[in-house]
Amino acid sequence: MKTCLVVDDSRVIRKVARRILEALGFQVAEAGDGADALNACRAEMPDAILLDWHMPVMSGPEFLRRLRREPGGADPRVIFCSAETELARIREALDDGADEFIMKPFDAEIVVGKLVAAGVA
Amino acid sequence: MTPRERDYVAALCAARAGLGLDVERPYLIENRLAAVARREGFGSVSELVRALRERGEERLVWAAVEACAPAHSSFFRDAEVFEALAGELQAAAEQGAALRVWSAACGAGQEVYSLAMLLDERGVEGVELFASDLSERRLEKAQAGIYSQFEVQQGLSARRLVRHFANGEDSFVLDPELRRRVRWRRLNLLEPATDLGAFDLVLCRYLLGALAPSARERVVGHLVAALRPGGRLVLGAEEAPPRACGLAPVAGAAGVFEIPAGVRAAA
């Protein structure tokens, strides 16, 4: 079973994402910020990460930069999931190592499409 | 909307555009007509239908028919089909061929723009892209190349989004260079298109299922008539043309059909 870590400071978003991902057969773990997410990845690297941008303690972009320097940190497919819609910022995220980008609000169809595009579903 | 009104609209759409509306699901028809009724200042769909019957105003008739035509479209629907087509076009263009592609029933343009993006990414020049739709409103949207956040997340990768689009006002605007690559025209596929010239590739994807059976043969006949010898018709991945059209599937390419060589020679 593939694993996905959902990183978002909103419990509601984590819950919605979990429901969509579990319906797709993923085993889902959750983290409320980038620091928690980094600890979770050090314990067990997931196949995919659904990552919010703006979070307390450690932002999504900061988490991504640190993740990619971790042993095995190049492996997970990282899909940003953010209210950010500025293409310049999305380009930055891709340049920093993100595989895909979802602009909130999202639905199951968009998540599935992006997981497929990222090569993880 | 009464059953009588529903049947009137269904008959109108069948006569004008060959559409086979699903009369078992009248709420879908009503939903689409509600937008037209609002736009045209009618208090209800019933009022709109009464005006259609009594006024016989062509502009209003077409507004209703166009609204009932299939509208769903997305970028890179069946991505592997587009990759294969772009590869074939690239190979032919590199041999020096001047190629022409027609996206028939192009909707809001996502299909023809998907091809335009691929050709741009591969640096392929010399492919003429032509697109048509029954709906004037959808053609206007296509030509403007302006898409919502939801639309650009259907089938379009983030890398393609940042490469080919700019931020608009609560929207995303396709690169003007790509928009300029496509020529547009309003066309009713039920009528023969005699002045378009011949095409190497005609795309008409996921339309046949929305047509009345009697219209399918006529529409496909018009599309086939626009093919150059050796040209191909591309339907939806699980669609097939009516048997009477005499097309043969191309091996290994779902939804792609051509006129068999023997038939071409005889013609």
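Analyst: Two strands pair if DSSP finds at least two bridges between them. This is a predicted model, where local features need pLDDT of at least 70, side-chain atom pairs count only at pLDDT 80 or more, and totals for chains, interfaces and linings use all residues. Residues are numbered from 1 along each chain as its sequence is written, while chains are lettered from A and ligands numbered from 1 in the order in which they are written.

User: How do you know that β4 and β5 of chain A pair?

Analyst: Strand β4 (residues 77–82) and β5(A) share 4 bridges, in the parallel sense. The threshold is at least two, so they pair. A:C81 has A:I102 of β5(A) as its bridge partner. Strands here are DSSP E runs of at least two residues, and helices H or I runs of at least four, numbered from the N terminus.

User: What makes β2 and β5 of chain A edge strands?

Analyst: β2 (27–31) and β5 each pair on one side only. The open sheet has 5 strands, ordered β2-β1-β3-β4-β5, with parallel pairing. Neighbouring strands are turned by 20° against each other on average, direction ignored.

User: How does helix α1 of chain A run relative to β2(A)?

Analyst: α1 (residues 11–23) runs at about 165° to β2(A). Angles run from 0 to 180 degrees between N-to-C directions, with axes fitted to C-alpha atoms, for helices over the stretch in contact. The helix lies across β1 (3–7), β2 and β3 (48–51) of chain A.

User: Why is B:Y206 called buried?

Analyst: Its C-beta has 20 others within 10 Å, so B:Y206 is buried. The cut-off is 20 or more within 10 Å for buried, 12 or fewer for exposed, and partly exposed in between, with C-beta atoms placed from the backbone. B:Y206 sits in the loop between β7 (199–203) and α11 (213–225) of chain B. Its phi is near 60°, a positive value in a residue other than glycine.

User: And why is B:D170 called exposed?

Analyst: B:D170 has 9 other C-beta atoms within 10 Å, so it is exposed. The loop between β4 (165–168) and β5 (171–174) of chain B holds B:D170. Phi is positive for B:D170 too, near 55°, and the residue is not glycine.

User: What makes the bond from A:K104 to A:P105 cis?

Analyst: Omega of the peptide bond from A:K104 to A:P105 is near 0°. A:P105 is in the loop between β5 (100–103) and α5 (108–117) of chain A.

Key. Two residues are in contact if their C-beta atoms, placed from the backbone, lie within 7 Å.
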